[in-house]
Each structure stands twice: as C-alpha cells, then as structure tokens.
Amino acid sequence: MAISRKCSCRTFLIGLAVLSACTRSFRPEPVAGPEPLRIGTWNIQIFSSKIPREITNPDGGKRVELRNLESARHLGEYIATFSPDLLALQEIDADYETGQAPRSSLLDQVVSVLGASWEYLLADTGGSFRLAFLYDRSRLDLLAHWEPEIPPEKVDGADILPRDPLIAV
C-alpha cells in the first residue's frame, strides 16, 4: 500500500502508532537459514561531553553531569551484552568532523569497546542532538544514507517535526 504524498505527517504518525499497537505481541517463529539481524533503537539522552544533562538522584535531588569516555566505555560494554547488529541511536552530539562527516568522540569510545568490525553513521543535521546508526560491519553494510527534508508541520506556530529522519540502505 502506497502512502499518498497528500497524507499529513500527523495522519501518518497516527497510522504508524496503530500499526505498532497491532503488532506489539507478534513473535515470528524461528526459521532455518542465516541468523536473523538483531535491530534496536535507544535514546541515550544527551550523549555529549560538552552539554550537561540533569539527573534525578534516588533521594529526589538533582545533579548535573557531563558524559565522559568512561561512561561511553560502560555503554559499549552494556551494548555488547545484548549483541545487536544495528542500533539506531538518538541525542548524539557531534563534537568533531573528519572531512565531510560529523563524528562523536564518545561513539568512537563505544566502537573501540565493541571491536574492529563496528562503525557508526552520524546524521549531518539535527543541531546538537543527532541521530546515528551503530552497526556491526561483519553482519551488514550500509551502502548509502540520506536525510529527507520534512516540510514544516506547524501547530500553534511551532514546528512539530523539527528534525529530519536518517535513512540508510
């Protein structure tokens, strides 16, 4: 079924939510053949060594902290425990560039923990908080990527979709 280009973003998102609710309990039967890909997503919440994040302590108090290479190393160790082949990440801060590509020193640390076959792709847009794909090159190759520009969808004068998606094949 093709989605009409005249379909509003809101209608599309409502339809996606309904589809998600209908398929939440679906568990495919194991099949013989190649091992299936393990795909996940994770909003890491302000994964930045420059931008502080506020944390609520168990006693209800608040503290502010920056991520560092040690926290990135722990994240890499944790990711390794559930062995994803592809992990879509949100709220990643790009803190340097190589040529044309934005990079993250914290994701560099995560990749160093996961091993030489791991790489990441960081979105070009998104301001301080970008999207990323973290993936195991021994299991899949990302051949191309793009960020389709979403036309502004305004509600009460505010853009409800301020960030563009990251698509890869």
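Visitor: Which residues is leucine 107 in contact with, leaving aside its neighbours within four places in sequence?

Guide: Look for residues brought together by the fold. Leucine 107 is in contact with Phe47, Leu89, Ile92, Tyr120 and Ala132, once neighbours within four places in sequence are left aside. Keep in mind that this is a predicted model.

Visitor: How many residues has the largest nonpolar core?

Guide: Think of a core as buried nonpolar residues joined through their side chains. Here the largest one has 19 residues. Leu107 is among those with the most contacts inside it, along with Phe47, Ile79, Leu89, Ile92, Val110 and Leu134.

Visitor: Which elements each supply at least two residues of this core?

Guide: The list is β1 (39-47), α2 (69-81), β4 (86-92), α3 (105-114), β7 (118-122) and β8. The largest share, 5 residues, comes from α3. A second, separate core has 8 residues, including Ala88 and Phe133.

Visitor: What are the totals for helices and strands?

Guide: Count them along the chain. The protein has 3 helices and 12 strands. Of its 169 residues, 26% are buried.

Visitor: Why is serine 138 called exposed?

Guide: Compare its relative accessible area with the cut-off. Exposed means over 50%. Serine 138 has 56%, so it counts as exposed. Serine 138 sits in the loop between β8 (130-136) and β9 (145-146).

Visitor: Which side chain joins that of serine 138 in a polar contact?

Guide: Check the distance between the polar atoms. The partner is aspartate 136, and the contact is 2.7 Å. Now try C-alpha atoms. Those of serine 138 and tryptophan 118 are separated by 7.9 Å, though the two residues are 20 apart along the chain.

Visitor: Where is aspartate 164, and what does it contact?

Guide: Find the element, then list the partners. Aspartate 164 is in the loop between β11 (158-159) and β12. Beyond four places in sequence, aspartate 164 is in contact with Thr125, Leu131, Pro148, Glu149 and Ile150. A polar atom of the aspartate 164 side chain lies 3.2 Å from the backbone nitrogen of isoleucine 150.

Notes:
Residues numbered from 1 in each chain as written. Predicted model: local features only at pLDDT ≥ 70, side-chain atom pairs only at ≥ 80, totals over all residues. Heavy atoms only, no water. Helix = DSSP H or I, 4+ residues; strand = E, 2+ residues; numbered from the N terminus. Buried < 20%, exposed > 50% of the residue type's maximum accessible area, 1.4 Å probe, protein only. Polar contact = N/O pair within 3.5 Å; in protein donor to acceptor, adjacent residues only side chain to side chain. Contact = heavy atoms within 4.5 Å. Core = buried A, V, L, I, M, F, W, Y, C linked by side-chain atoms within 4.5 Å.
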